[in-house]
Structures are given as structure tokens and as C-alpha cells.
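Visitor: Could you take me through the aromatic rings of this structure, slowly and in some detail? I would like to see how they pair with one another and where they sit.

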Amino acid sequence: MYTDLCKKLGIEYPIFAFTHCRDVVVAVSKAGGIGVLGAVGFSPEELKAELDWIDEHIGDLPYGVDIVIPQKYEGMGDMSPEDLEKELWKMVPKEHIDFAQKLLADAGVPEWPDGSHSMGLLGWTEATATPLLVEALTRPKCKLIANALGTPPADKVKMIQDSGRLVGALCGRVKQAKAHKEAGLDFIVAQGGEGGGHAGDVGSVVLWPQCVEAASPVPVLAAGGIGSGQQMLAAMSMGCAGVWTGSLWLTVEEAHAEPAQKESLLKATSEDTVRSRSWTGKTCRMLKNEWTEAWDRADTPDPLGMPLQGLVSGDGIRRTARYASVGDCQKIAFNPVGQVVGQMNHVESTRGVIFRLINEYVDALERLNNLMPES
């Protein structure tokens, strides 16, 4: 399973771990894969602090950073982040803010310490993601940049590649894989609809081989439904160059999630997720609960588009993360995760997950080889 991407990045296994937790980034890279830090929730100052910590603890090993620049979003243009946020807030109906705040209050989720009801504009626009990208490109150990939504703008692709780094992007449709290839990206992440976060409609075993064919010779990483070595082998057998994993790392020992959040994930089955626009404005897979159901009712406000819905829900994202065990918080908490959550039944160490994947992969490959008739 030692692929060309492994050689280019200097990693032992083609296991890419998307996570918002710096400890997991370091632990995955130290175990032979490569940790990729999701930057969307950080300000440039916060991201600097996170990357400082990673650089200090990861040794000489590589890591990546994931940003979010959607191809289309409300308020697209050349405004500064500050001006863009002001204009976007003018587009948010008060009823949406009031509805979100009532859901939080009814569940007994405490107010944010300073009493504010907004996280501000997260990195879901080119204006807010660009400073994050610039900060990531100051780090020699950061060897790849991934864009979570759509083909990155051409100037950003050039900026990344000119710095000597690899650039890739996620896709949920074959036509998106073709667009990524035409844009000259170095790798493509094909995420099946069962994956956590922003996922499409097509299942993984259908999507992966189509994207491999459409994107050739650009390497394709498989995402969505990767929770075991057997599933990793399935992806590699279809021509994928590795796996892009995310949900797996939400419940590991090193993950910074509150115990109540981990408990919700560990108890969930594969039937307990839903694709909803209620948090980000784009379809995102998460644990279904009273929040997702409330926004889906006919007598309640419809979710806004990205990034407007993020302005509405941002306060809920931070409060349900910090106060995960308070009141009925888990009934409305934001817990993005894929259907693979049904395989996440106990807490493992990050290193243990990597080694389990490899051992299961080898065992599954041996079983398949034993099915071949002796010559």
C-alpha cells in the first residue's frame, strides 16, 4: 500500500486523517499516516497558535491543513473579511437568530461567557479562508493543503504549488473530480454520501471507481465509510491511492471532544445520522437530533445558504461543544459524523487505530489471496 503519494509526502501509510484536534494531527503523523488540521473554525491568530504547537511536537514529520473556499456562496466578491461580515449580517433574518437562540435556551445550554451570540464569520469564504492559507504556507512541515468544498480558485492553486506543496480538494460527484483534474490539482478526495460533514448523494463504492477513472492519472483518495482495514482494502482495490478519514478520530483518546459528545458518538448506530443544512447551509452529515428535526419542520424557518446559516448557528456550534454535558445539550448538539459511526463503539488510541487498520488490511488481503486457486 506504499503509493506515490506516500513517497511524495514522506509517510509510511496512505492514511490521511482529517481532524480539528492538533493532538490527533501529531499522533497520526507519528504513527505513520498524515494528520490534516481542519482550519475552518479558527481565526488566523488561533490557527497560528495551533500550528505553533504542532510544529513544536511533531518533530520532522509532515502534516496538512484543510481550508474551505466554496465555489459559490452568498456575498462572493472582493470585500475584506470585515466588510463582508457586515454585509452578510444584513442578509440574516432576525427570526432565524431568535429561533436558534430559543433552541439553545430550551435545551439549557449556557450562554457564552461574554454574553455574545455570534462566533463571527468563520472561514467559509475566500476572504476569510485566505488568511488561514497564508498562515499555513509559512510552515515548512505543512506539506499539503486541501479544500473541503469545490475546486480552489486558480490563484490559490498556483500559490500552493509554487510553494512546493501538494494541493487537493474533496468531491462528491464525478463532474467535480473532472473539474479538479482540469484545474491541475495534485490529488482528489472522493467522498461518498455516507461520509461525515459535507457529503453528496452517491455512495462510496459507486463513486470511488468512477472518480479514479475520470481523474486519471491524478491520484484519488477514498473517503466516506472508512472505518476498518477491510474497507480500506476495498478502496485500494478500486484504484484509490489511499484513504481520507475523519469520523474515526472523533472518539480517540487524544481527541479534545467533551466526554458527553464522545458518548453520543459511541452510542450511535449507522442509522442515527442525517444530511442536513441546519448548521452550515450546505448538506452536511451529522447525528440527527432535535436541532436537525426542528429546522426541517414546515412551521419553522428554512436554513439559509452558506455562509449565512453559519452566522446563525455559529454560537450553537461553540456552545454545544464547550457545554456538551450541560442540560439537554446533546439533544441539539452539532455532532458531524459519517455512517461509520456505527463501527465506533469504544475509545481507542490514535496509534491503535492506525495499527488496527493496517492489521485488518493485511488479514483481509490474505483472505482474498487464499481464495485464488492454486496453479
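**The aromatic rings**

Guide: In this predicted model, ring pairs join F99, W279, W291, W295 and F334 into a cluster. Searching the whole structure gives 5 aromatic pairs. A pair of aromatic rings is described by the distance of the centres and the angle of the planes. For F16 and W244 the ring centres are 6.2 Å apart and the planes stand at 20 degrees, which is under the 30 degrees that counts as stacked, so this pair is stacked. Because F16 belongs to strand β1 and W244 to strand β8 (residues 242-245), the pair ties together parts that are 228 residues apart in sequence.

W291 and W295, which are among the rings of the cluster, form a tilted aromatic pair, with 5.9 Å from centre to centre and 45 degrees between the planes. Both of these residues lie in helix α12 (residues 290-296), where they are 4 residues apart, or about one turn of the helix. W291 is buried, with a relative accessible area of 0%, and W295 is also buried, with a relative accessible area of 2%.

Key: Residues numbered from 1 in each chain as written. Predicted model: local features only at pLDDT ≥ 70, side-chain atom pairs only at ≥ 80, totals over all residues. Heavy atoms only, no water. Phe/Tyr/Trp six-rings, centres within 6.5 Å; stacked < 30°, edge-to-face > 60°. Helix = DSSP H or I, 4+ residues; strand = E, 2+ residues; numbered from the N terminus. Buried < 20%, exposed > 50% of the residue type's maximum accessible area, 1.4 Å probe, protein only.
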